[in-house]
Amino acid sequence: MPRWLLHVDLDQFQAAVEFRRRPELRGQPVIVGGEGDPAQPRKVVTCASYPARAFGVRAGMALKMAKRKCPAGVFLPVDMPAYEVASEEIMATLGRVAGPVEVWGMDEAFVATDDDPWRLAAEIRTAVVELGLTCAVGIGDNKLTAKLATGFAKSTGKTSPEPEHDPGAATGIFELTAANWSDLMGHRPTDALWGVGARIAQRLADLDITTVADLMSADRDRLIAEFGPTTGPYFRALGHGKGDTELSTTPRIPVGRSKSETFPHDLTDPDEIHREVARLATEVAEEMREHHRVTTRVAVTVRTKTFYTRTKQRKLPTPTDDIPTITTTALAIIARFDLDRPVRLLGVRLELLPPE
């Protein structure tokens with residue numbers, strides 16, 4: 001196993017790509033989302049530059065709210081093709097500098113080394129800067145600690161690394177391992193752990209486990225009784241800073257593909273709702289057919305004006321890539337809904353056979 005895992009996380013990625021092609025925007029509160037129009041209803045922020053974040057703008061926030069918080073913000077439309085090209089360029093650069101890369105998304109990846117991780121982290125940051133972008137690098141003894149170290153890298157450190165590699169001493173680089181785990185993580189709430197969300201944190205709190213230190217000392221049998229024989233010990237291992245140490249460079253093959261849309265105005269006409277479901281199903285089915293993927297199950301999601309969300313699904317009698325069959329199935333599913341409330345969002349998801 002490699003001695004060190006490094007997590008590379010691109011800073012304000014979408015905004016940074018926009019800065020690269022529009023340098024005059026650097027230092028400005030740039031907000032990326034929707035069509036770039038804050039007056040457009042029900043569109044959300046997908047990325048905010050650090051100056052925009054200083055005004056309280058965050059990803060997932062409605063563009064209208066972002067405009068109220070940051071009236072002087074520069075709003076730009078999402079340009080996914082440009083971000084995908086930039087991501088491919090970054091991952092290729094990581095491969096050249098660090099060797100095998102485990103890609104976790106457009107803007108983050110893991111690499112591994114048995115040599116000096118600080119030197120490699122610095123080389124990675126230099127290579128990314130040469131692309132006109134910036135990144136943070138977390139150094140860990142597994143993926144969990146490396147991932148969490150990236151968060152520290154973004155929030156601590158003022159100077160260049162000292163010769164003894166003092167953790168947190170370099171801007172944009174941080175080291176978190178078993179050696180400093182308890183000191184840095186023990187007092188933090190359990191939801192500071194990668195993999196523990198609000199719901200799990202509440203269940204742990206019900207067991208009087210509120211901090212990482214509590215989780216480290218938690219009774220294994222109590223965790224098994226609450227979460228099961230696999231998940232209970234898994235959460236205890238997280239509390240001790242244990243994680244995966246293997247680097248997987250095999251591309252992840254999606255087991256499903258979905259397409260959804262939040263409409264500018266609520267839909268109330270059943271015929272219009274059926275037309276939108278048919279359109280979404282056709283679009284995602286066409287996309288999967290182009291990728292030679294075969295569908296086994298179709299699901300339709302409906303979210304009403306009150307944010308009540310429900311999903312219904314149907315297994316296909318025979319796996320198929322036939323677009324009319326998939327669309328007809330989606331229409332049969334939406335017919336099972338009681339469409340008695342205004343519809344805010346519709347979505348269609350296809351479950352897929354593994355590719356040959």
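Tutor: Contact means heavy atoms within 4.5 Å. Helices (H or I, at least four residues) and strands (E, at least two) are DSSP runs, numbered from the N terminus. This is a predicted model: local features need pLDDT of at least 70, side-chain atom pairs count only at pLDDT 80 or more, and totals for chains, interfaces and linings use all residues. Residues are numbered from 1 along each chain as its sequence is written, and side-chain values use heavy atoms, with hydrogens and water left out.

Student: Which residues of α12 meet α13?
Tutor: From α12, Ile273, His274, Val277, Ala278, Ala281, Thr282, Ala285, Glu286 and Arg289. They meet Ile323, Ile326, Thr327, Ala330, Leu331 and Ile334 in α13.

Student: What classes are in that contact of α12 with α13?
Tutor: There are 10 nonpolar, three polar and two charged residues. Ala, Val, Leu, Ile, Met, Phe, Trp, Tyr, Cys and Pro count as nonpolar, Asp, Glu, Lys and Arg as charged, and the others, Gly among them, as polar.

Student: And at what angle do α12 and α13 pack?
Tutor: About 145°, with the axes 9 Å apart. Axes are lines fitted to C-alpha atoms, for helices over the stretch in contact, and angles run from 0 to 180 degrees between N-to-C directions. Helix α12 covers residues 270-290 and α13 covers residues 323-334.

Student: New topic. Is Thr304 buried or exposed?
Tutor: Thr304 is buried, at 7% relative accessible area. Buried means under 20%, exposed over 50%, partly exposed in between (1.4 Å probe, protein chains only).

Student: Where is Thr304 found?
Tutor: In strand β10, residues 295-304.

Student: What is Thr304 in contact with?
Tutor: Arg341, Pro342, Val343 and Arg344, leaving aside neighbours within four places in sequence.
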